[in-house]
Structures are given as C-alpha cells and as structure tokens.
Amino acid sequence: MNDCLFCGITGGKVKGNIVYQDDSVVAFKDIKPRAPVHILIIPRKHIPTLLDLEPADGPLIGAIFFAAAKLAQEHGIAENGYRIVVNCGADAGQTVFHLHYHLLGGRHMGWPPG
Ligand code: 5GP
Ligand code: ZN
C-alpha cells in the first residue's frame, strides 16, 4: 500500500517514533498527542477500517490488545487507567485509513467522548 502513511511507518520509509514492534504489530507515538501518553498501535497488515476486518484477523486484534496492556504498564498508566479508542469513518473522525488503536492515558478523561 505505497501511499499509506502508516504503511510508510511500518515499512521504515516514514520516520515514526516506534515504541514497540513485533511480527504483526507496530506502536508509535502520535505526532499530535491528545494526552500525556498517546500511542498508536497498528497491524503491519494494511487494513483500512474496522469494517474491513475478517475472521482470520482475530489473533491480530488480540495481539494489538496484548501490546496495549504491555505498553500501558511500561508507560506508567496501567494503575490509574487508560482508554483505547478506534475511530471508524467520518462521524468518528477517522483521518488515516490504516486501522489504528489510540492508547491514551496520563490524565482524567471525560465521558461521553466529544
Ligand atoms: P484518526 O483521526 O484517524 O483516528 O487518528 C489519526 C492519528 O494519526 C491522529 O491522532 C494524528 O495525530 C496521527 N498522525 C497523523 N499523521 C501522523 C504522522 O505522520 N506520524 C504520527 N506519529 N502520527 C500521525
Ligand atoms: Zn497502510
């Protein structure tokens, strides 16, 4: 997916502040953090949105949540709490069409989200 920004980061073509990576998942700091800790966790596989997931992607999604828990511990937000957000489509405000999980923490968060 040559013109995908996040494929550029997973492939090393675009500079990303990578904090975790394994065979299937890459995590890097958001360029415009909305909380003291704001990390994006993405599959290496190019999946545009949540709507494009297939049953075979189940283990991949599990791997993303395991990475999130590990990152939350490492970045000191596990104890006080954190939020994982996936924006899907226009109303949710999705701007990059490579599936990504926002890991947010380090401050109190309001509910419902804006
Ligand atoms: P979305 O709005 O699609 O849910 O989230 C896209 C996220 O990607 C935003 O939080 C935005 O700040 C982040 N982002 C956009 N471009 C870049 C980039 O080049 N590098 C990094 N690290 N994050 C980016
Ligand atoms: Zn991509």
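This is a predicted model: local features need pLDDT of at least 70, side-chain atom pairs count only at pLDDT 80 or more; totals for chains, interfaces and linings use all residues.
**Notebook: fold and aromatic pairs**

I started with overall size: for 114 residues a compact globule would have a radius of gyration near 13 Å, and the protein chain has 14 Å, which agrees.

Next I checked the secondary structure. The protein chain has 2 helices and 5 strands, and from the N terminus on I read the order as α-β-β-β-α-β-β. For contacts with a separation of 6 or more, I found that 54% join residues 24 or more positions apart.

Then I looked up the aromatic rings and counted 2 aromatic pairs. One of them is Phe6 with Phe28, edge-to-face, at 5.2 Å centre to centre and 75° between the planes. Phe6 sits in helix H1 (residues 5-10) and Phe28 in strand E2 (residues 25-29), so this pair ties together parts 22 residues apart in sequence. I have both Phe6 and Phe28 down as buried.

Phe65 and Tyr101 also pair: their ring centres are 5.4 Å apart and their planes at 80°, so I call this edge-to-face, the cut-off being over 60 degrees. Phe65 belongs to helix H2 (residues 58-74) and Tyr101 to strand E5 (residues 101-105), so here the parts tied together are 36 residues apart in sequence. Tyr101 is buried at 4% relative accessible area, whereas Phe65, at 40%, counts as partly exposed.

I get about 6900 Å² of accessible surface, 55% of it on carbon and sulfur atoms, and 38% of the 114 residues count as buried.

Notes. Residues are numbered from 1 along each chain as its sequence is written. Chains are lettered from A and ligands numbered from 1 in the order in which they are written. Side-chain values use heavy atoms; hydrogens and water are left out. Rings of Phe, Tyr and Trp (its six-membered ring) pair if their centres lie within 6.5 Å; planes under 30 degrees apart count as stacked, over 60 as edge-to-face and the rest as tilted. Helices (H or I, at least four residues) and strands (E, at least two) are DSSP runs, numbered from the N terminus. Buried means under 20% relative accessible area, exposed over 50%, partly exposed in between (1.4 Å probe, protein chains only). The radius of gyration is taken over C-alpha atoms; the globule rule is 2.2 Å times the number of residues to the power 0.38. Contact means heavy atoms within 4.5 Å. Accessible areas come from the Shrake-Rupley method with a 1.4 Å probe; for residues, only the protein chains shown count as cover.
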